[in-house]
Amino acid sequence: MTVDGSTVLVTGASGMLGGAVARALVAGGAQVRTFQRRPARVDGARDVLGSVTDPVATARAVAGCDAVVHLAARVDITGPEDEFRRVNVEGTRHLLAAARAAGAGRFVHVSSPSVAHVGGSLVGAPATAAEPALARGPYARTKAAGELLALETDTAAMRVVVVRPHLVWGPGDTQLIGRVVARARAGRLPVLGSGAPLIDTTYVDNAADALVAALTAPDAACGQAYVVTNGEPRPVLELLRAICVASGAPAPRVHVPGGLARALGAGLDAVWARFPLAGEPPLTRFVAEQLSTAHWFDQRRTREALRWSPRVSLDEGFARLAAAS
Amino acid sequence: MRSPVGLRLPASLPPGGLPGLDPAWSRLVDVPGSGTWHVLDNHDALPGEPVGTILCVHGNPTWSYLWRRLVAAGGRADRPWRVVAVDQLGMGFSERDGRARRLEDRVAELGALTKELGLAGPVVTAGHDWGGVVSLGWAVEHRDVLAGVVLLNTAVHLPPGDRAPAVLRPAMVPGVRTASTVTTTAFLDTTLALAHPPLTPEVRAAFRSPYRTSGRRQAIGDFVADIPATADHPSRPALDRVATAVTTLDVPALLLWGARDPVFSDRFLDDLAARLPHADVHRSPRAGHLVGEDEDLGGGVLRWLDVRVPGDPADRPEGRAAATGEPWVPLGAALADRQDDGGPALVELRGSGTRTIPWSLLATRVDELARGLATLGVRPGDRVAVLVPPGGDLTAVLYACVRLGAVVVVADAGLGVRGLSRAVRSARPAAVVGVERALVAARVLGWSSTLVAAGPLHRSARRALGVVATLPEVADLGRVAAADLPVPGPDDDAAVLFTSGSTGPAKGAVYSQRGLSAMRDAVGRAYGVGPGSPFVAAFAPFALLGPALGATTASPDMDVTAPRTLTARALADAVRAIDGRVVFASPAALAGVLATQDDLPVDGRAALGEVTTFLSAGAPVPERLLAQAAALLPNAELHTPYGMTEMLPVTDVDLAGIRAAGPGDGVCVGHPVAGADVRVSPLDADGRATGAPTTEPGVVGEVLVAGPHRKVRYDRLWLTEQASSRDPGRHRTGDVGHLDAHGRLWVGGRLEHVVVTAEGVVTPVGVERQVDEVRGVARSAAVGVGPRGTQQLVVVVEPEARVRGVVADDELAAAVRAAVAPRRVAAVLVASRLPTDVRHNSKIDRAAVAVWADAVLAGRRARL
């Protein structure tokens, strides 16, 4: 089965991964519509502007679509939980309803491994169920609730697949790469603890491929969540160094003990929560924990069910990153 | 002693959530006249008609929870077993009626319960601790349905007047008893602390759960009080009745024993083994009193049941080699043939002197010692531990024992005193022949009561140790012994050789007479030694084979316990003394020779130039060392064999062969020697060796070896033996490797060290050899982290330079990844010193490295 000739709506296409998915679908012969607040400007795709928080605009965007890839989300690390909920839960609810009403046959919901992560190290972890009550931080909690909504909607008429890409990066990435590079340039990129914990990441083109694969995955694979990564975990220190080298930023030098960093992060979280300062705290507890514990996943089930495997290796990805900067 | 009527408490069901316990197994059974029992019973969960029932009786102070793994295992799909595990009345969650019970009460009550349950045959009883006695009491009274007995660390015989086991003694003093067993949880806690490794807190809590209050512990005290430690104890007659009746049991029996038990020590095992001579024995050196916790109770018992029940009780225990009918030449035949030969058999170079022992003298000495040992009461089949340094005495004693049909027990002093003692004791020698130091250990550690001294011994030491004779005295006895010695049969046991213990406690490999002869023939054929081709033995085991091969054997001047003391000059002197062409040595001895070659006089260099075969055995030899040896021994083929205590040699390769093989995945150990057959059992996706044995090139699997010079079995390790001989006639080595298109074997490491990634199985040695070639790397270890099946390959490097941090720098990481491509390496870590295992100073302890890597890569602190 291919996407050739079908009409697919991609939400959140102004982001790096959303754009990559839209381009991959255009290349695969699909009629692609992109839906987000800012123009996505994907060649060969039709931009529809609007927010998933607006039911009318959402219904208009999805009308006549055979399938939906839903990436639009509020992804910040901190902020008031209500704002996350409005987009990540209610927005998802609107879109699911509109897609079903429009007769779409496949709905690929993009989620995050953090929806099932309640702290500690993940070592070759499977994709366990989303835990809205236990997930860490407003983003993860609201994405968890959104994911459960999506899975509940899975029916024979509209099959739902949830894909959780982990730490997607690539040229033009403002989230992971952008933050790391900005901090490194400011001399504020610490290495927490030994720098040894293994972290799995996903090169953007591989994540896009996986989402396209989810659109055509067999029905038996639907109604479930899959973590998607490159399947190449590396020590976090090695990853940070590679990102800095590829982006021409100075390598991290300051070492901070992991426990101290988590404590510091928790303190800064509290300060930012009480005093709404501009931007993000320099180190959140969430980030400190992410960087001082292992996060890597068992990819066997994902690759078998989605009939997908990554085309771009980590090393190739870093080479492309370097070429782009 | 009867305690006053105590607290009455009804039976109840165990609380939920106890680890490993399915609440569906629990039921309460009311038996009119005795009380209400709590039992575990998997009957309703069985997938089909069971083969029979296993009736399990716990001891004191445990409960049926002890059997949970067996209850679970019994419910397997194929050939299921019903398992009924009872809580004895007053114990566990059964009723407390306040009455103190005696052994005969307990046996009778168990009978009433099984009647109430309508238990029909076949029934196999299983008992632990004092539950063993109760289960045997039931067994001897239900012979019509009895199909087998399983006993875990128990006893049926307490010699009257004998002191009770030391740890029990305080609990048996009446005043102390109540305090330690009932008022407090001291006795309970002491028992639960006997597990190896320690119980998890959750399992410990589960064991304690029925005994939370002193009222619930009353029966623990009563049980201890019912131990018939004295001749006039009220339960003594009942115990003696059971002990006697047990000797009449002819059903299959399994003695599953934890050797590290301060309560039921080896003498109780030996007593039971004597009462049940047909019993299969699995004596686990690492397990303790709670052997059911320490060992795979469920899998082990079911495997035994599959083999033995229903089965022919007349089967010999542990299995013997099927008589092959092959012609057999006894080990000492060549020696016996040369009784009148005045030529040199052994040439020992010591300092400036040379001691030559002619064939005639050696043959006579062996004959005299054999007869003398027989006169001292050593019978064919008796075990004789020999702790004598290599040399003429050792050679003579070993050939004498083999001639007599006694079973020589040999363990390497490298095991250390504890390891050596553990090994020797497990073999239960009838006699020990040793030098003074060994005899002291034998007496102090209770290895045997018949001690024979080799070498000088002061009269006072002799008296103190109770030595029965010295070797010259044994020979004297033999000279006057008239009767002819019977000739042992080819399939009689001849030797117990202990493994080096590098992979857990040393195991005793039992060889038959035929097996030893086959080892002689394999070595003779592989290296061209025999009558007329004298050799130099700088590696003791080969010196022992010389007389069997009919070859003159020279021992160079060296400290045999420290092979590196061999000098080039000493080796050359030995070569010249016998005009030898063949040299057997070890890697350490070879290193010693190479280090001292500058001191070699011209004629010494010429002598070494005559050597045509140089064999280095005992550990893998680095190619670098072999290449240096080639320069010193220009006309010699440099061989290194592959093999293990269970079969040696298996394969052989020479330097030219190693070079011809080139690099590959692992170490090329060459072609099988004549008579040896090598296959691999392919690994499945989980890294388990489940495939049918094959010789297909390139298939990676566990190395299986077969040949006439293979061990017959492991000694008193029934379960280990079953696992290692799963494929009839073959020994599973625990090594992984593959055969190549030329039929050469490549060894890639140990089975337990394979890394099971999502892309397939990676064997460590091939990776390490490639990494070791990277500049700046001194040594390396390849290990896996994460769950089996999706493990990540991690390389830990010991760099030549100083180490900073844990994560390798980008340059080293890139070089390592390039070296092992296309295999993918998740992390390259650095460590200032990789741990090596205690036995082989060169082998890296991959298990320890893996534990460390797993921790640091998960973000935990850890030290290597």
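Two residues are taken to be in contact when their C-beta atoms, placed from the backbone, lie within 7 Å. With that criterion applied to this predicted model, the contact between the two chains takes 18 residues from chain B and 24 residues from chain A. On the side of chain B that touches chain A, the elements that give two or more residues are helix H29 (810-820), strand S34 (825-830) and helix H30 (846-857) of chain B, and the largest share, three residues, comes from S34(B). Sorted by class, that side of chain B has eleven nonpolar, five polar and two charged residues.

Chain A itself has eleven helices and 15 strands, and 57% of its 325 residues count as buried. Among the contacts in chain A with a separation of 6 or more, 75% are accounted for by residues 24 or more positions apart. An unreviewed UniProt entry lists residues 8-228 of chain A as "domain: NAD-dependent epimerase/dehydratase"; over that stretch the chain is 37% helix and 21% strand, with the end C-alpha atoms 21 Å apart.

Chain B is divided into domain 1 (23-161 + 231-308), domain 2 (360-506), domain 3 (513-711 + 744-752) and domain 4 (754-857). The C-alpha centres of domain 2 and domain 3 of chain B lie 28 Å apart, and 19 residues of domain 2 are in contact with eleven residues of domain 3. Helix H15 (392-404) and strand S16 of chain B are the elements that give two or more residues to the domain 2 side of this contact, where H15(B) supplies the largest share, four residues. By class, this side of domain 2 has twelve nonpolar, five polar and two charged residues.

Strand S16 also belongs to an open sheet of eight strands in chain B, which has mixed pairing and the order S15-S14-S13-S11-S12-S16-S17-S27. Strand S15 (467-470) and strand S27 (713-714) of chain B stand at the edges, and because each has a single partner strand, one side of each is left without a neighbour in the sheet. Elsewhere in the order, strand S12 (residues 407-410) and strand S16 (residues 493-498) of chain B pair in the parallel sense over three bridges, with B:Val409 having B:Val496 in S16(B) as its bridge partner. Helix H17 (residues 436-444) of chain B packs on the sheet, touching strand S11 (383-387), strand S13 (431-434), strand S14 (450-453) and S15 of chain B, and its direction makes about 150 degrees with that of S13(B).

Helix H28 (residues 764-772) of chain B is mostly covered, eight of its nine residues being buried; the buried residues include the charged pair B:Glu768 and B:Arg769.

Several loops of chain B deserve a look at the level of the backbone. The peptide bond from B:Asn60 to B:Pro61 is cis, with omega near 5 degrees, and B:Pro61 has its place in the loop between strand S3 (53-57) and helix H1 (68-74) of chain B. A cis peptide bond also runs from B:His196 to B:Pro197, with omega near -5 degrees, in this case with B:Pro197 in the loop between helix H6 (186-192) and helix H7 (201-208) of chain B.

B:Arg79 is found in the loop between H1 and strand S4 (82-86) of chain B, and it counts as partly exposed because it has 14 C-beta neighbours inside 10 Å. B:Asn153, found in the loop between strand S6 (146-152) and helix H4 (169-172) of chain B, has 27 such neighbours inside 10 Å and therefore counts as buried.

Definitions and conventions: Residues numbered from 1 in each chain as written. Chains lettered and ligands numbered in written order. Predicted model: local features only at pLDDT ≥ 70, side-chain atom pairs only at ≥ 80, totals over all residues. Pairing = 2+ DSSP bridges. Axes fitted to C-alpha atoms, helices over the stretch in contact; angles between N-to-C directions. Buried ≥ 20, exposed ≤ 12 C-beta atoms within 10 Å, placed from the backbone. Domains from an automatic or database assignment. UniProt positions renumbered as here; feature names shortened; annotations may be inferred.
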